[in-house]
Amino acid sequence: MRSIRPVNVLFAVAILLPVVAMFAPKGLVILTLLAAVLVAARRGAVVFALAEVLTPVGLLLALALAWAAAAALFSPDIAESLTLWLSILVLFGAGFLLLGAARDMVPAERKTVTAGLMAGGVLFLTLVAFEVATGGI
């Protein structure tokens, strides 16, 4: 069985992200989680992800997550607030794994992902232009 390369996963996510964000924003959690699961098998991705969490920005995000969890407990609808918090937790964790996978790539792989990001950006601009031109129909 051939293993899935993280560069291919990140390339696909870079292209799919604008489409999912425009048409199914709640699908971003699923897309990000699926991509993170696929790249988590690579040991370097996990090591780099843990290193990123221990940076000042990572610790600040962890503190914000803790604050959001505490605030959710005081919400009128605790179940919905905790569901939203869980989605944010998944996005943060998966995001750090994807960042770790990106840090573990060689320069040639980074160029591939950069091309995917540019294609995704063009796709996003095209989708927004279409929405504006048609009045959101």
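Predicted model: local features only at pLDDT ≥ 70, side-chain atom pairs only at ≥ 80, totals over all residues.
The protein chain contains six helices and zero strands, and its order along the sequence is accordingly written as α-α-α-α-α-α. Taken along the principal axes, the C-alpha atoms of the chain fill a box of roughly 45 × 45 × 30 Å. Of the 137 residues, 27% count as buried. When contacts between residues at least 6 apart in sequence are considered, 76% of them join residues at least 24 apart.

Helix H5, which spans residues 78-103, takes part in both of the helix pairs described here. In the pair formed with helix H4 (residues 56-72), the two axes come within 9 Å and cross at roughly 165 degrees; since angles over 145 degrees count as roughly antiparallel, H4 and H5 are therefore assigned to that class. The crossing in which H4 passes H5 is left-handed. On the H4 side the contact is made by Gly58, Leu61, Leu65, Ala68, Ala69 and Ala72, while H5 contributes Ile78, Ser81, Leu82, Trp85, Ile88, Leu89, Phe92 and Phe96. By residue class, this contact comprises 12 nonpolar and two polar residues, with no charged residue present.

The pair formed by H5 with helix H2 (residues 27-39) has axes 8 Å apart and a packing angle of about 40 degrees, and the two helices are therefore oblique to each other. The crossing of H2 and H5 is left-handed.

Helix H6, covering residues 107-134, has 28 residues and reaches 40 Å from its first C-alpha to its last, a span close to the 40 Å expected at 1.5 Å a residue. The buried residues of H6 are Glu109, Val113, Gly116, Gly120 and Leu127, and the helix against which these buried residues pack is H1, at positions 6-23. Just after H6, glycine 135 adopts a positive phi of about 70 degrees.

Methods: Residues numbered from 1 in each chain as written. Heavy atoms only, no water. Helix = DSSP H or I, 4+ residues; strand = E, 2+ residues; numbered from the N terminus. Expected span 1.5 Å × (residues − 1). Buried < 20%, exposed > 50% of the residue type's maximum accessible area, 1.4 Å probe, protein only. Contact = heavy atoms within 4.5 Å. Axes fitted to C-alpha atoms, helices over the stretch in contact; angles between N-to-C directions. Parallel < 35°, antiparallel > 145°, perpendicular 65-115°, else oblique. Left-handed = near helix turned anticlockwise from the far one by under 90°. Nonpolar A, V, L, I, M, F, W, Y, C, P; charged D, E, K, R; others polar.
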